[in-house]
Each structure stands twice: as C-alpha cells, then as structure tokens.
Amino acid sequence: MAIIVQVVQGLQSLAGHLTNPANLTQILSTLAIGIAVILILTQIAQRVNIDKNAPPEVPYWIPYLGSAIQFSVNPLKFYAENREKYGDVFTYTMVGRKFTVCLGTEGNNFVFNAKLADVSAEESYKPLTTPVFGKGVVYDCPNHMLMEQKKFVKWGMSNDAFRAYVPEIEEETRNYFQRWNNKVGGRGDLFTAMGELIINTASRTLMGPEIRALMDESVAQVYHDLDDGFQPINMFFEWLPLPSYFRRDKAHLKMRNIFKKVIEERRANNVTDKTDMLQSLMNQTYKDGTPFTDVDACHLMIALLMAGQHTSSTTATWALLFLAENPDLIKDLLEEQKSVLGSVDAPLNFDAMKNMTLLDNVIRETLRLRPPIIMILRKVIRPITFPGTDYVIPKGNYIAASPIATQVDERFYKNAKAFEPSRWENIVEEETGESVDYGFGKIAGGGARNPNLPFGAGRHRCIGETFAYVQLKTVISTFVRMYDLSLTERGMPGSDFTKMFVQPVLPVEINYKPRN
C-alpha cells in the first residue's frame with residue numbers, strides 16, 4: 001500500500017507541470033504507467049488481504065467501483081459465470097461495498113433465516129427506504145416494531161377484505177382501459193398503463209375513497225418524483241445534492257400531507273365507519289404502550305403504496321406480454337372463466353377465482369421467470385459461517401440471496417427458461433417451513449429452501465403478497481375479457497437490470513383489439 005501512496009504522490013507532482021506543453025507527452029505517458037501500476041498493485045493487494053477463511057473473491061481492476069459494471073449489465077450472467085468458478089458462495093466488490101452472494105436453496109435459506117444477532121436487514125435498506133417512506137416505519141425502526149407494523153396492516157389483508165376488493169379492482173380496470181382505448185386506440189404503452197392502474201386499484205382498496213379521489217395528474221407527478229428515490233444510486237448514497245434527491249424529499253412531504261389531511265378530517269368529523277387500511281392504522285398502539293402516531297400512519301401508508309406498486313405493475317406487464325406471445329393461453333383463460341363463473345360476462349369474485357387454476361399458474365410462472373427483485377440483502381453485524389463450509393463472512397459484508405438463480409435453474413425446473421404455466425399442474429412442493437395460505441390456497445412452500453421464492457421467506461416475507469395475487473388475478477382476468485392481445489414487431493422485450501426493480505426494456509408497446 002505504501003507503494004500505491006508513493007505513486008499517487010508522484011502523479012500529483014507531475015500534475016503541476018501540465019502548464020508546460022513541452023512536457024505534456026512525457027507526463028501523459030508517465031500518468032498512464034502510474035495508473036497501470038495502481039491497478040496491478042490493487043489486484044495484488046486484493047489477493048494478499050483476503051482472509052484465508054473468507055469466501056473466494058471475484059477480482060476486479062477498478063478500485064471502489066469493483067464489479068459494478070459487469071453486475072449491472074446482466075446480474076444473472078455475472079452470477080452464473082462466477083458460480084462456475086467459485087461455487088455457490090463468493091464475494092464481489094461494488095461501489096466500495098463487499099457482497100457475499102449465497103446461491104442455491106441453501107443460500108436462500110442462509111440469508112432469509114439468518115439470526116437477527118448476526119445480520120441486519122435494516123442496515124441494508126434504511127438508506128434507500130427511509131427518505132421515501134419516512135422515519136419510524138419499516139427499516140427505520142427496530143425489527144420487533146416492524147413485526148408489529150406488519151400485524152397492524154394484516155387487518156386489511158383478510159379474506160373478507162379481499163371479497164370487497166375484487167369488484168372494486170374489476171371496476172377500476174374496466175374504467176381505466178376504456179379511457180386507455182379511447183386515448184391510444186389499438187396500440188399502447190403497456191408498462192405505463194399498468195403502473196397507473198396498479199396505483200388506482202391500490203388506492204381504491206387499501207387507501208380509502210379520499211385518497212383514490214386525489215389520484216389525479218397532480219398526485220401522479222408527486223408519486224413519480226417520490227418513485228425516483230428508488231434508484232440504485234439511492235441505495236449507495238442516501239443523500240446527494242442532485243435535483244432528483246430534492247424532488248424526492250419534496251414529494252415525500254407532499255404525500256405525507258395528503259394522508260395527514262385525510263386523518264385530520266376524519267378525526268374532526270368523528271368518522272369511525274371506514275373499513276380501509278388508513279382507518280385501521282389510526283387506532284394502533286405498540287405492545288409496550290408506545291403510540292403509533294398519525295405521522296407513523298402516514299409513513300406506513302406511503303410504504304404500502306410505494307412498495308407494492310413496482311412488483312405488481314411489473315408482474316402484470318410481463319404476464320400480459322407472455323399471454324400476447326401465447327394467444328392460445330388467452331382462449332384457455334376465457335374458457336376457464338366460463339367454466340368457473342358460467343359466463344365471461346359474470347362479475348369476478350374472490351371465491352370463484354380460487355378455482356381458476358390456469359390463471360394462478362400463469363401468474364406463478366411469470367413470477368418465476370421475471371421476479372422484480374434480483375437480490376435480497378442483509379448486512380453482517382458479526383462474523384458468520386456458511387453452513388457446511390469453512391467460509392467465515394466478515395462483519396461489514398453484505399450477504400445476498402438471489403432466488404431467481406434457483407427459479408431458472410435446470411436442476412429444479414425442466415426447460416427452466418421457457419414460459420410454461422403447465423409446469424405447475426400437479427406439483428407437490430416440499431414444505432420445509434411454515435404453512436402459508438395466500439387466499440387462493442397453498443401456492444408456494446413456506447420454507448426458505450423452496451426453489452421458488454418470488455416474495456422472499458422468513459420474518460421479512462412480503463406482507464403484501466396476498467393482496468398482490470388478488471390484484472393481479474383480477475386485473476389480468478378483466479383485461480383478457482376486454483381485449484385480444486398480440487406483440488408488436490419489436491417482439492418480446494428484454495429485461496432492464498439498471499433499475500432498482502427489474503422491468504422490461506422500454507418502450508413496452510402492445511397490440512390489442514377490443515372484443516365484441
């Protein structure tokens with residue numbers, strides 16, 4: 001390291017001679033040599049400083065940046081190539097941080113079920129989520145408080161609530177796409193449409209009528225500015241003097257004030273008969289007596305609105321793209337609706353959709369192939385050993401699970417890269433953890449060793465998973481009732497891995513034809 005310091009000092013002294021053109025060629029040559037020396041010595045230092053008990057480390061040439069470029073271009077390829085070299089557990093550097101990825105079903109279980117004394121989800125996600133959601137909720141509070149917050153919102157995730165939500169989501173979907181059809185006529189931007197529709201349906205069902213009434217163009221812009229806080233740069237840098245950061249913080253205040261105004265009006269008018277999530281959060285207290293304040297309620301409402309929007313809108317987009325690529329599946333879905341409901345004109349309902357097996361399988365297969373999140377993180381707060389190995393992952397590293405690595409693995413799924421909803425027929429999944437019912441029966445094993453974990457596992461399993469299935473089933477069922485679909489000449493879009501939540505490469509245009 002002393003040699004590196006000397007080289008840098010030499011380069012600094014050379015910089016003082018740049019005003020002399022006669023020396024420019026010599027200086028540039030020396031500069032290039034100096035940079036090369038730094039890169040070589042960095043590589044040597046990496047190998048010398050690696051603990052002999054630490055997992056193998058992916059080499060890199062650019063200090064600090066590490067493997068960021070290779071990872072961001074295609075993380076799945078990056079993982080697959082290094083898995084061949086180093087096995088299921090290896091470490092890579094990215095933007096000054098070390099990530100130890102743990103692949104396979106054992107890797108998933110290791111990360112999702114790691115002890116709170118060993119790892120912290122809060123330390124991993126707090127810089128990203130707190131500026132967007134607000135203080136005191138989700139990852140900006142101790143884990144036991146987050147667990148209680150999950151119980152607070154569970155009231156709005158009951159089967160009785162879902163029975164009320166389905167007709168509301170169907171109505172919102174029909175109204176939206178009738179407007180969409182009048183506006184774009186025959187060919188439209190599916191990704192943008194799904195993003196707007198998911199916000200509308202979530203606000204209508206979970207947020208309350210006052211919030212849904214406010215979801216006009218002005219609030220849409222506030223949401224967009226707040227949504228810009230969910231970018232990879234925000235994960236590594238909680239605050240920078242950039243316009244997007246200023247817009248994010250301003251949008252957070254506006255969104256909080258929207259919820260706060262509704263709460264204040266309800267309290268002033270002694271409103272107690274509402275059955276939405278906001279009303280439930282207005283009357284909560286932690287077990288130890290700590291009050292759950294109105295500001296806390298506002299922040300948790302923002303979290304519910306923001307966190308579910310990306311996953312559901314992206315999944316709905318991919319599902320409809322897969323259907324457009326496989327038009328026979330659309331016919332089969334309509335036949336299933338006719339069989340279950342008696343007619344494709346009959347209103348959708350929660351209990352009937354439990355029996356729509358093909359619809360369920362289409363969503364499951366979409367989530368298997370195109371999960372919105374590539375890796376799940378925990379920060380190591382004391383050294384931990386990966387089971388069955390001598391690898392000791394040091395304090396300060398981040399451990400990362402990547403469920404998609406098993407979801408597209410030929411060892412678990414035949415023809416794993418193909419979209420085949422029929423693969424879910426007559427499959428009995430091994431249950432190695434808690435039994436989970438998402439409102440439509442058991443659709444995935446509860447344990448973290450299950451190869452299919454699009455919503456995670458363990459204590460941090462997504463609380464909105466149940467609602468997401470209700471929302472997706474209703475939206476997709478309604479859409480295929482209204483339209484025949486086909487891909488444009490662009491064909492099936494690729495995946496854009498540069499976003500925090502993986503989405504299709506834009507624009508996502510689709511051909512559609514209204515049914516008679």
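Q: Where does V95 lie in the chain, and how is its place named from the strands and helices?
A: Helices (H or I, at least four residues) and strands (E, at least two) are runs assigned by DSSP and numbered from the N terminus. In this structure V95 falls in the loop between β1 and β2. The coordinates are a predicted model, in which local features need pLDDT of at least 70, side-chain atom pairs count only at pLDDT 80 or more, and totals for chains, interfaces and linings use all residues. Residues are numbered from 1 along each chain as its sequence is written, and side-chain values use heavy atoms, with hydrogens and water left out.

Q: What is the phi of V95, and is the residue buried or exposed?
A: The accessibility classes are buried (under 20% relative accessible area), exposed (over 50%) and partly exposed in between, computed with a 1.4 Å probe on protein chains only. V95 has a positive phi of about 50° although it is not a glycine, and it counts as buried because its relative accessibility is 15%.

Q: Which residue outside the glycines also has a positive phi, near 55°, and is that residue buried or exposed?
A: The residue is N270, whose phi is near 55°, and its place is the loop between α13 (243-268) and α14 (277-281). N270 is exposed, because its relative accessible area is 61%.

Q: How do β1 and β2 pair, and over how many bridges?
A: Two strands are taken to pair if DSSP finds at least two bridges between them. Strand β1 (residues 89-94) and β2 pair in the antiparallel sense over six bridges, and the two form a hairpin with two residues between them, V95 being in the turn. Within this pairing, Y92 has F99 of β2 as its bridge partner.

Q: Which strand do four bridges join to β2, and how many residues of β2 are buried?
A: Four bridges join β2 to strand β8 (residues 398-401), and these two strands run parallel. F99 has Y398 as its bridge partner in β8. Strand β2 (residues 97-102) is mostly covered, with five of its six residues buried.

Q: What is the strand order of the open sheet of three strands, and which are its edge strands?
A: The order is β4-β12-β9, with antiparallel pairing. β4 (187-189) and β9 (483-487) are the edge strands, since each pairs on one side only. Axes are lines fitted to C-alpha atoms, for helices over the stretch in contact, and angles run from 0 to 180 degrees between N-to-C directions; on average, with direction ignored, neighbouring strands of this sheet are turned by 40° against each other. β4 pairs with strand β12 (residues 509-514) in the antiparallel sense over three bridges, and R187 has N511 of β12 as its bridge partner.

Q: Which peptide bond is cis, with omega near 0°, and where does P507 lie?
A: The bond in question runs from L506 to P507. P507 is placed in the loop between β11 (503-504) and β12.
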